[in-house]
Amino acid sequence: MSELRQARYAVAAVFCVHGSVTGSFATRVPWIQDHASLSPGQLGLALAFPAIGASLSMPLAARISHRFGSRAALRGLIALWTLALVLPSLAPNLVTLCAALFVYGATAGMADVAMNAIGVEVEQRLGKSIMSGLHGMWSVGTLIGSGIGTLAAHLDVSAQLHHAVAAVVLTVAGTTACHWVLNLRPAEDEEAPPRFALPPKSAWLIGAVGFCAVFAEGASLDWSAVYLRDILSTSAGVAAAATTGFALTMAAARIAGDAVVDRFGAVRTVRISGAVATLGGVLVVLAGHPLVAMAGFGLLGLGIAVVVPLAFAAAGRTGPNASQAIAGVATVTYTAGLIAPSIIGGIAQASNLTVSFILVTVLATGIAAFSAVLRPAGVRDAHLDS
């Protein structure tokens, strides 16, 4: 059991490293935009390429894990992801930045699938929920990376130097942690998963729940500050606080989420989470005061926090190859992250942001309505069932 606990802490550290790369990159986007001399429209185009790269590469993770075993695969993929951090800041123009961000997203997606597959296996062996906490560690890593990135930007350190140092540190940390993760290997008679395949039916159903959550997450992260500024006429500082509050409630809820899942079960937890997110969306839409809107975004973060971790956990139990199932769900789920910002912006352009968040609220109801798909057939475990 001590080795299993060790494996749990090791994969949690990998999640934290993965999130730190994301936070490190996000804070230096303005520097990268200036370095590549991009207009806002060109930057928006370039920022679509990480999601494109991730969606296309995720199915390969199952093949790589099958070929090399989970430990070696994760060690290699997390190293590729951390080292890919240096690429965007080196790009001198739009074309090279799009290519860099495609590679950045592709390595992110493959590492994401590999670490989630190992996390699901550890959860099953422990017999209790840990996936929410693992994703909470990813959120903690994002906060750490963004905090250091903010300091680097404040000190006027170039993103090239900042990301080069961060890449070295995170590569060492990530590959070292991989030494203690589970080393899963396929059975001798198990066929290798295809290099690319459309997600199975089960992945579409589970992924639909995750899609609703990630759509709300992307809309809130990218548009909450704009919403308070444009709709409620707040200052830039108050507007930014809404985004920070959303991110903090998500991180806190994920870290505390495993105890809730063990107490109430995955399905019931997601059902309640969907109701909380819906209430948050309603407050945002009806808000006549900034504090009401900020409370709404906080409830949105609280409500969607555990949905994606539990969707991945459910996917990992649907078939013999956890990596392949998780890759299918991730492909469906993360598509929301690709399209959410543009859809929200398009609706706002045609009407206003309030109408955009009516759509977010409707999708939040879908989390509760379809939560039962997270219960595998025949499973009656207390921490998996409602």
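Let's start on the outside: Leu56, Leu87, Leu90, Phe102 and Val103 form a nonpolar patch on the surface, and together they have about 400 Å² of accessible area. Helix H6 (87-90) and helix H7 (94-126) are the elements that give two or more residues to this patch. Leu90, for one, lies in helix H6. A patch here takes residues with over 30% relative accessible area and no salt bridge, joining nonpolar side chains (Val, Leu, Ile, Met, Phe, Trp, Tyr) within 5 Å and like charges within 9 Å. The areas are Shrake-Rupley values with a 1.4 Å probe, and for residues only the protein chains shown count as cover. Helices are DSSP runs (H or I, at least four residues), numbered from the N terminus.

A quick word on the model. It is predicted, so to speak of a local feature we need pLDDT of at least 70, and side-chain atom pairs count only at pLDDT 80 or more, while totals for chains, interfaces and linings use all residues. Residues are numbered from 1 along each chain as its sequence is written, and side-chain values use heavy atoms, with hydrogens and water left out.

Now, how many salt bridges does a search of the whole structure find? The search finds 2, where a salt bridge is a side-chain nitrogen of Lys or Arg within 4 Å of a carboxyl oxygen of Asp or Glu. One joins the side chains of Arg125 and Glu121, at 2.8 Å from N to O. These two sit 4 residues apart in helix H7, so about one helical turn separates them. In general, an α-helix has 3.6 residues a turn, so residues three or four places apart point the same way. Arg125 is partly exposed at 44% relative accessibility, and Glu121 is partly exposed at 23%. For those labels, buried means under 20% relative accessible area, exposed over 50%, and partly exposed in between (1.4 Å probe, protein chains only).

The other pair is Arg229 with Asp230, whose closest N and O atoms are 2.8 Å apart. Arg229 is partly exposed at 47%, and Asp230 is partly exposed at 44%.

Let's move to the loops. Most residues other than glycine have a negative phi. Asp156 has a positive phi of about 60° although it is not a glycine. You will find Asp156 in the loop between helix H8 (131-154) and helix H9 (159-177), where it is exposed at 68% relative accessible area. Ser233 also has a positive phi, near 55°. Ser233 lies in the loop between helix H10 (201-230) and helix H11 (236-264). Is Ser233 buried or exposed? Ser233 is exposed, with a relative accessible area of 62%.

Another serine, Ser55, is in helix H4 (residues 49-68) and is buried, at 14% relative accessible area. Its side chain reaches the backbone oxygen of Ala51 at 2.9 Å.

All of helix H14 (residues 307-316) is buried, 10 of the 10 residues, so it is largely enclosed by the rest of the structure. Its buried residues include Val307, Pro309 and Phe312.

Helix H15 (residues 322-350) has 29 residues and reaches 42 Å from its first C-alpha to its last, close to the 42 Å expected. That expected span is 1.5 Å times one less than the number of residues. Where does H15 bend by about 40°? The bend is at Ile339, and a proline, Pro341, follows within four residues. The angle is taken between axes fitted to the seven residues ending there and the seven starting there.

Notes. Polar contact = N/O pair within 3.5 Å; in protein donor to acceptor, adjacent residues only side chain to side chain.
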